[in-house]
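Here's a quick tour of how a protein chain packs against itself. Take a look at the model first, then read on.

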Amino acid sequence: MNGNAHMASVGDGPTDAQYEHGIQVIDEDKQFNPHINSYLQATDVSEAGFNYHLISVFGSQSTGKSTLLNNLFGTEFNVMSEAERRQTTKGIWMSKNKRASMADNILVMDVEGTDGRERGEDQDFERKSALFALATSEVLIVNIWEHQVGLYQGANMGLLKTVFEVNLQIFQKDKQSTPRSLLFFVIRDHIGVTPLSNLRTTLVQDLTKIWSSISKPQGLENSRIEDYFDFAFAALPHKILQPEKFVSEVQELGKRFIPGTPRSKEQGENGKQELAGGVFLPEYHRRIPADGFSVYAEGVWDQIVNNKDLDLPSQQELLAQFRCDEISREVLVSFDEVIAPLEEQQAESTHSGKPVVLPDLGSTARSAREKCVKSFEVNASRYHKGVYKTKRSELETKIDQRLKALYHGQLSAAHKSGVAAFSDAVSGKVKSGQKSGAAYEFAEIVDKEKKKALESFEKETQSLYIEGVPWANFKPQYQLFEKELDAVSARLRKDEMRRLATRVERWVKSRLGDSIGLEFNKLGSGRAGSGAPETGDKPPSEKDLWDRIWNVFTSIVKEAEGRFAERAKSFEASQDEVDVGLWRLRRKSWVALREKIEEEVMEGNILLKLRENFEDKFRYDEAGVPRIWRPTDDIEGVYTRARESTLTLVPLLSKFRLSTTKESPDLPGFIGNQPPSAEAEDEEDLAPIGGVDEHEGKSLEEEMTVLSENKRQDLVVRFKKTADGVYVEAKRSAIGGIAQ
Ligand code: GDP
Ligand code: MG
């Protein structure tokens with residue numbers, strides 16, 4: 001088992017034991033490790049947002065870079081064994097700082113040595129790793145032997161040249177943010193003869209020379225090195241010769257890996273910015289949220305490896321799109337957990353035909369929405385602002401589409417159940433009012449129940465309100481609900497009117513039964529003065545029978561109309577509705593009268609009346625005294641007169657005709673025209689009336705015919721027979737009287 005056995009290299013799945021040495025970001029075959037995010041999760045970096053830092057180290061092969069990092073950050077990057085002296089670090093490794101009292105979440109990248117001793121003349125990897133480091137890191141540690149300082153042509157200078165060139169290449173595309181980086185020179189095996197300040201001066205001169213020597217892209221010809229870089233310098237003693245001093249100086253150096261402020265920058269020599277205090281200035285940060293780092297790094301590496309122009313702004317946009325989508329999916333999962341069961345419940349209840357008003361839907365949905373948007377905001381707002389805004393509104397649209405459907409279902413259920421409850425409550429109260437016999441005010445019941453129903457519906461709509469969300473306004477639904485309540489009220493009022501009409505019609509029938517019966521009974525007494533001889537009132541004349549009937553009828557109907565209208569008004573029925581009711585009442589009353597007359601002129605009944613009329617005239621004298629027939633009496637004469645007098649009733653009875661006008665009463669005028677608001681259903685149960693309903697093909701003449709020609713003749717024949725019988729009996733009694 002060699003030393004690499006416990007390293008997490010590209011292609012391996014993550015396990016905790018494998019992270020002992022950190023993780024290999026890019027291997028010697030230039031493959032990117034797809035498990036970076038797992039590592040960041042395992043080391044609690046991925047939740048850190050922007051609160052993390054990236055440092056890369058550069059320098060020649062075997063200059064003690066890994067040793068430095070391990071001592072500085074407590075990492076366990078592989079170090080070349082003293083005995084073997086061959087390259088150990090392959091590709092780029094990353095590990096989280098393990099030392100306390102530094103900035104949070106420092107990620108250190110150990111970049112493969114750049115002498116190309118084992119890679120031959122492969123400058124390509126050097127360039128690529130420099131690009132990668134610059135695109136991601138805030139601080140670049142440049143590790144250099146003291147004796148290399150001033151060797152302008154040395155390998156280190158070649159490396160710096162590469163760094164500067166790729167820096168220009170990268171940030172040429174990213175002019176808005178112009179991110180800066182810190183070049184932190186750590187001078188190794190510092191003997192102490194030459195003070196650090198002298199070394200620094202030499203390095204700065206070299207750097208300036210290198211900067212001026214590189215070819216700059218168009219537009220950046222006059223750019224200065226300090227436009228892109230700040231500088232910091234430190235020197236360390238020989239690790240092997242002065243081990244204790246090395247350790248304490250490294251410890252001292254470690255104190256600088258804390259957040260810095262712009263004030264810690266001071267003007268160094270030659271106008272170069274030199275950083276004195278904490279190394280992590282906010283302006284160095286690449287502003288890639290920790291949870292997007294792996295995706296971003298992979299995208300950047302992909303462009304680098306494929307020799308594409310590294311375009312960091314568009315990488316950031318791509319990253320934002322990718323991550324915002326991912327975050328959106330994540331936050332939708334918890335939204336779904338709350339909302340999907342409600343959607344199911346609603347779908348089921350709707351399907352079963354019994355829509356259910358889900359309890360507390362408004363508050364539940366609102367908090368789910370809020371949580372979802374909030375947690376999206378927290379995680380995604382760190383990404384590219386434009387992309388974030390678009391994705392946020394996409395998310396909101398998605399959420400709102402579902403809530404909208406849910407809310408509409410809810411209100412439709414509330415509508416249905418509200419209307420049913422209203423209708424039940426009104427009908428129930430009317431019924432119990434009728435049962436108890438107590439006076440109930442229909443309009444009051446409706447008003448009260450409508451108010452109740454509207455209040456509860458409004459409460460539901462208010463509970464669904466979401467601040468700042470225009471669609472969460474349910475005024476149209478509320479208006480629709482109110483409209484439906486009014487329609488239901490109108491229907492119930494119509495029922496109530498029908499009930500009232502039935503009551504009034506019954507009353508009319510009963511009054512007609514008594515009064516019309518009385519008028520017909522008067523026919524039975526044929527003698528003048530037999531009605532009320534004592535009072536001296538004018539006796540009823542048979543001739544004005546129909547006038548009296550019509551008068552009685554119209555006055556009863558008038559009274560009924562008054563009752564109906566008064567009661568109907570109390571339900572707040574409209575004038576139109578009242579008019580229709582009155583029109584129906586008049587028609588039905590006429591039909592009732594017609595039936596009553598029919599009953600009175602039924603064969604047996606009318607024959608009896610005629611016989612009584614005749615007998616009255618025949619058997620009683622003018623003074624109302626019963627006649628005792630004597631053989632000398634003109635029985636035949638009296639008989640003939642009485643009979644003819646009674647027979648005059650038959651044509652009178654046959655037609656409903658007023659004595660004053662000799663015409664039928666104005667029935668169509670009495671009933672009146674059909675009110676325009678009467679609907680077809682209002683007519684359904686109405687019997688056609690001759691002369692009124694002209695289309696029925698029955699004339700007023702026919703309507704007013706009480707006895708048909710046949711019936712009349714038949715009645716005359718039967719009456720005559722009856723009268724003859726009476727006559728014969730009288731004759732017999734006269735003769736019998738003599739015989740006695
Ligand atoms: P890297 O290739 O730059 O990462 O170098 P390593 O950290 O693997 O070290 C290479 C060799 O240099 C090892 O044998 C170390 O023991 C040795 N070394 C480490 N630190 C120092 C130092 O400060 N001074 C000297 N002279 N040698 C060192
Ligand atoms: Mg190394």
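This is a predicted model: local features need pLDDT of at least 70, side-chain atom pairs count only at pLDDT 80 or more; totals for chains, interfaces and linings use all residues.

A crossing of two helices is right-handed if the near helix is turned clockwise from the far one by less than a right angle, and left-handed if anticlockwise. Keep that in mind for the helix pairs below.

**Helices H7 and H8**
- H7 (residues 293–305) passes H8 (residues 312–351) in a right-handed crossing.
- Their axes come within 9 Å and cross at roughly 140 degrees, which makes H7 oblique to H8.
- On the H7 side, the contact is made by Val295, Tyr296, Gly299, Val300 and Gln303, and H8 brings in Leu312, Gln315, Gln316, Leu319 and Phe322.
- Sort those contact residues by type and you get six nonpolar, four polar and no charged.

**Helices H12 and H14**
- The axes of H12 (residues 475–521) and H14 (residues 575–600) also come within 9 Å, but cross at roughly 30 degrees, so these two helices are roughly parallel to each other.
- The crossing of H12 and H14 is right-handed.
- Among the residues making this contact are Arg493, Met497 and Phe520 of H12, along with Glu577, Leu585 and Lys588 of H14.
- Here the contact residues divide into 11 nonpolar, three polar and 10 charged.

**Nonpolar cores**
- The largest nonpolar core has 180 residues, and those touching the most other members include Phe520, Trp590 and Phe656.
- Leu72, Phe73, Trp93 and Phe184 belong to a second, separate core of 29 residues.
- Leaving out residues up to four places away in sequence, Trp590 touches Trp550, Phe553, Phe656, Leu667, Ile671, Ile689, Glu703 and Met704.

Technical notes: Residues are numbered from 1 along each chain as its sequence is written. Chains are lettered from A and ligands numbered from 1 in the order in which they are written. Side-chain values use heavy atoms; hydrogens and water are left out. A nonpolar core is a set of buried Ala, Val, Leu, Ile, Met, Phe, Trp, Tyr and Cys residues joined through side-chain atoms within 4.5 Å. Buried means under 20% relative accessible area, exposed over 50%, partly exposed in between (1.4 Å probe, protein chains only). Contact means heavy atoms within 4.5 Å. Axes are lines fitted to C-alpha atoms, for helices over the stretch in contact, and angles run from 0 to 180 degrees between N-to-C directions. Helices (H or I, at least four residues) and strands (E, at least two) are DSSP runs, numbered from the N terminus. Angles under 35 degrees count as roughly parallel, over 145 as roughly antiparallel, 65 to 115 as roughly perpendicular and the rest as oblique. Ala, Val, Leu, Ile, Met, Phe, Trp, Tyr, Cys and Pro count as nonpolar, Asp, Glu, Lys and Arg as charged, and the others, Gly among them, as polar.
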